[in-house]
Amino acid sequence: MPKSMGGHMGPQPLRDADNLLGLPHLCGADLTKVTLANQLYRAAIVILQLCFVLGCLVSIENPGRSWLWPLLALLVHETQDQPFIQWFSKLEAVYFDACAHGSSRDKRTKLLATSDLFSTLAIDCSGDHKHASWQPFRGEHGVVFPTAMEAEYPPLLCNRMAECVRQSAAHMGVFPSLQPRLKELLNLNLGHQTLRHEPLIPEYATVFQTDAPVQHESHKLLSAPFSQGHHSTEQPEGTQEHKSKRPRKEFKYGVWHTPEQFLTRAEAVVHPMDNESFLHEATKNAIKKVVRTDPLVLAKERLATVFNLRKLTNELKCQELALKDTMHPDVKRVHSVQEHPPFRARPQTAWLLGYGGCFPVEAGNSPGGVASGP
Ligand SMILES: [Zn+2]
């Protein structure tokens, strides 16, 4: 390192091939660093074992020449857990140059991941661009090592990895989707269709992939292969059309609907404000019950339920008094000011709130007669 930057030698190696868990002469901060890192690696092994048991997709990332790789193999071997060691040995090593995925430097990176998960990311530097320097420089807060700047994944790599995970999940029959928020559902019920809702009709009739670019007025280019450079027009794939796993080495096109196709699909669309979807299952059952039951039988059932509720009210009142007697005097005082009816009777059977208007069932109220039929 130049004298202008302090002249020191930069970070010294803390491990070597014979001392994967740390060089013997380490002391002070270096020893602490290595000890803590080793603890972290051991914790990673425990997490890996959990992933193995649960059948998770896994991925470990480190520079291609990192000591982590032989060390990890050593720690896995130490577990003596044969099925786990076997599983670990089948993980796939994927190497790439970070610049092939949007980074400004050609950091040689290795992923050790579930087989086939990140295979499509194995791309080398195309050699047709300049790389940012690895030379340390003086920044606002002292000397900056560009290695640290390379720790953060560039957005392009994030998107590509996310897409790989999405495809692998789809292959396993898992299709992650955002739970619609209550506000959006309410909007939908008011007839306000927004971008957050599933389209009533998918934008494309079909989506297909091909090795060569195609020009057609009914086709729209959705994504191009990685090899087309950083500016390839990658977009998230449609939710419905494309669920099979494919390596992204092809052009992807969406095919517009013909007017006839669109009309046919439009006719089959279920209205998002369909009243049927408003009613809770319990309400629907209550309506069926009220409509199908003889009014006299229904009246008797209701009366019986109300009497049962009143009986329960009296029983619970006694229990409440007994409970209050066991309370601390201060707590008891508060409770005696705020009278708690044993329960605000909520009919467990929704048909009590049936036809012919409101049916008063609050505790202590007189039933006041049975509602008459419609
Ligand atoms: Zn490069």
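**Notebook: sheet, core and a helix pair**

I began with the sheet, which is open, has three strands in the order β1-β3-β2 and pairs antiparallel. The model is predicted: local features need pLDDT of at least 70, side-chain atom pairs count only at pLDDT 80 or more, and totals for chains, interfaces and linings use all residues. I number residues from 1 along each chain as its sequence is written.

I took strands (E, at least two residues) and helices (H or I, at least four) as DSSP runs, numbered from the N terminus. Two strands count as paired if DSSP finds at least two bridges between them.

I looked up the edges and found β1 and β2, each pairing on one side only. From one strand to the next, the twist averages 20 degrees. Angles run from 0 to 180 degrees between N-to-C directions, and axes are lines fitted to C-alpha atoms, for helices over the stretch in contact.

I then went through the bridges. Strand β1 (residues 59-63) is joined to β3 by five bridges, and the two run antiparallel. Proline 63 has threonine 109 in β3 as its bridge partner. Between β2 and β3, also antiparallel, I noted six bridges. Here tyrosine 95 partners lysine 110 of β3, and alanine 93 partners leucine 112 of β3.

**Entry: the core**

Next I listed the largest nonpolar core, which has 12 residues, among them Val94, Phe96, Leu111, Leu117, Phe118 and Cys164. Such a core is a set of buried Ala, Val, Leu, Ile, Met, Phe, Trp, Tyr and Cys residues joined through C-beta atoms within 7 Å. Buried means that 20 or more other C-beta atoms lie within 10 Å of the residue's own, with C-beta atoms placed from the backbone; 12 or fewer means exposed, and in between is partly exposed. Both β2 (92-97) and β3 (108-113) supply at least two residues of this core. The largest share, three residues, comes from β3.

Leaving out residues up to four places away in sequence, phenylalanine 96 touches His101, Thr109, Leu121, Ala122 and Ile123.

**Entry: the helix pair**

Last, I looked at α1 (residues 28-54) and α2 (residues 68-78), which pack at an angle of about 60 degrees with their axes 10 Å apart. That makes α1 oblique to α2. Under 35 degrees counts as roughly parallel, over 145 as roughly antiparallel, 65 to 115 as roughly perpendicular, and the rest as oblique. Tyr41, Arg42 and Ile45 of α1 meet Leu71, Leu72, Leu75 and Val76 of α2.

Methods. Contact = placed C-beta atoms within 7 Å.
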